[in-house]
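Here's a quick briefing to read alongside the sequence and the coordinates. Have both open and follow along.

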Amino acid sequence: MRSIPITFCAAAAAALIAVPAPAALASPAAPAGDDDRRTGTVSVTPSTIAPGGKVELWVDVCGKGREATGNSDAFSSEAHFRPADDKGLFAEARIRDDAEPRSYDVWVTCKDGRSKATGTLTVIHHNRPSPAAPVKAGGGGTATLAERSTEAEGPGTRHAVIGLVLAAVAAVAVALRSSRRRRGPAGS
């Protein structure tokens, strides 16, 4: 009967190992001093996009200036912000067709010159779809399938360690249970 609590404890330990610790997020603070400079962040939606797509940019750090411009190496042209309700300033930006897949910085400069905001976006390339029914005369989609099989590497080190820990706990539970059965009931 003690194998159930041991198994439960092993499962709880494995769950604790598998859950990553949350990263602390720090927001940029305004610099102290006599100057009226402010910094903030740019909200980029969606934060992950393919080349040729459009992103929405939101910023609320510009205060009364109500005008700003945004730039990024991923943008095809400069983004011009305009007021949008009480949420701050809004702009749209188009991602260059030749943008490489990686993270890009986005920076916004308010017209007042005292306020700036930064953010990031990630450009990804989607895999081209393979044919649903390849032609029997040639290789068809087999080249694409071969590329995909090298990308899928299977479980990593973390999964192997968790599996070994669970296997060890199960082995101990089985050993304890079988040793109790060999002894038999007390007093017989």
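**Starting from Asn71**

Leaving out neighbours within four places in sequence, Asn71 is in contact (heavy atoms within 4.5 Å) with Glu78, Asp105, Val106 and Trp107. Keep in mind that this is a predicted model: local features need pLDDT of at least 70, side-chain atom pairs count only at pLDDT 80 or more, and totals for chains, interfaces and linings use all residues. Numbering starts from 1 along each chain as its sequence is written, and side-chain values use heavy atoms, with hydrogens and water left out.

**Asn71 and its strand**

- Asn71 sits in strand β5; helices (H or I, at least four residues) and strands (E, at least two) are DSSP runs, numbered from the N terminus.
- Is Asn71 buried, exposed or partly exposed? Its relative accessibility is 25%, so Asn71 counts as partly exposed (buried is under 20% relative accessible area, exposed over 50%, partly exposed in between, with a 1.4 Å probe and protein chains only).
- Asn71 and Trp107 are 36 residues apart in sequence, yet their C-alpha atoms are 5.6 Å apart in space.
- In a regular strand, side chains alternate between the two faces of the sheet.
- β5 (residues 68-72) has Ala68, Gly70 and Ser72 on its covered face, while Thr69 and Asn71 make up the uncovered one.

**Who β5 pairs with**

- β5 runs antiparallel to β6, with 3 bridges joining them (two strands pair if DSSP finds at least two bridges between them).
- A hairpin of 6 residues connects β5 to β6.
- β5 and β8 also run antiparallel, joined by 5 bridges.
- Gly70 has a bridge partner in each: Ala79 in β6 and Val108 in β8.

**The nonpolar core**

- The largest nonpolar core has 25 residues, and Val55, Leu57, Phe75, Phe81, Ile95 and Leu121 touch the most other members. A core here is a set of buried Ala, Val, Leu, Ile, Met, Phe, Trp, Tyr and Cys residues joined through side-chain atoms within 4.5 Å.
- The elements giving two or more residues to this core are β4 (54-59), β6 (79-83), β7 (89-94), β8 (103-110) and β9 (115-123).
- β8 gives the largest share, 4 residues.
- Not counting residues up to four places away in sequence, Val55 touches Val44, Thr45, Pro46, Ile49, Phe75, Ala91, Glu92, Ala93 and Ile95.

**Salt bridges**

- The whole structure has 3 salt bridges (a side-chain nitrogen of Lys or Arg within 4 Å of a carboxyl oxygen of Asp or Glu).
- Glu67 pairs with Lys111, with the closest N and O atoms 3.4 Å apart. Glu67 lies in the loop between β4 and β5 and Lys111 in the loop between β8 and β9, so this pair ties together parts that are 44 residues apart in sequence.
- Glu67 is partly exposed at 40% relative accessible area, whereas Lys111 is exposed at 61%.
- Arg94 and Asp97 form another, at 3.0 Å between the closest N and O atoms; Arg94 is partly exposed at 35% and Asp97 exposed at 55%.
- Asp98 and Arg96 meet at 2.8 Å, N to O; Asp98 is exposed at 54% and Arg96 partly exposed at 26%.

**The whole protein**

- There are 3 helices and 9 strands, and from the N terminus on the elements run α-β-β-β-β-β-β-β-β-β-α-α.
- Of the 188 residues, 22% are buried.
- Among contacts between residues at least 6 apart in sequence, 56% join residues at least 24 apart.
- The protein exposes about 13600 Å², with carbon and sulfur atoms supplying 57% of it (Shrake-Rupley method, 1.4 Å probe; for residues, only the protein chains shown count as cover).
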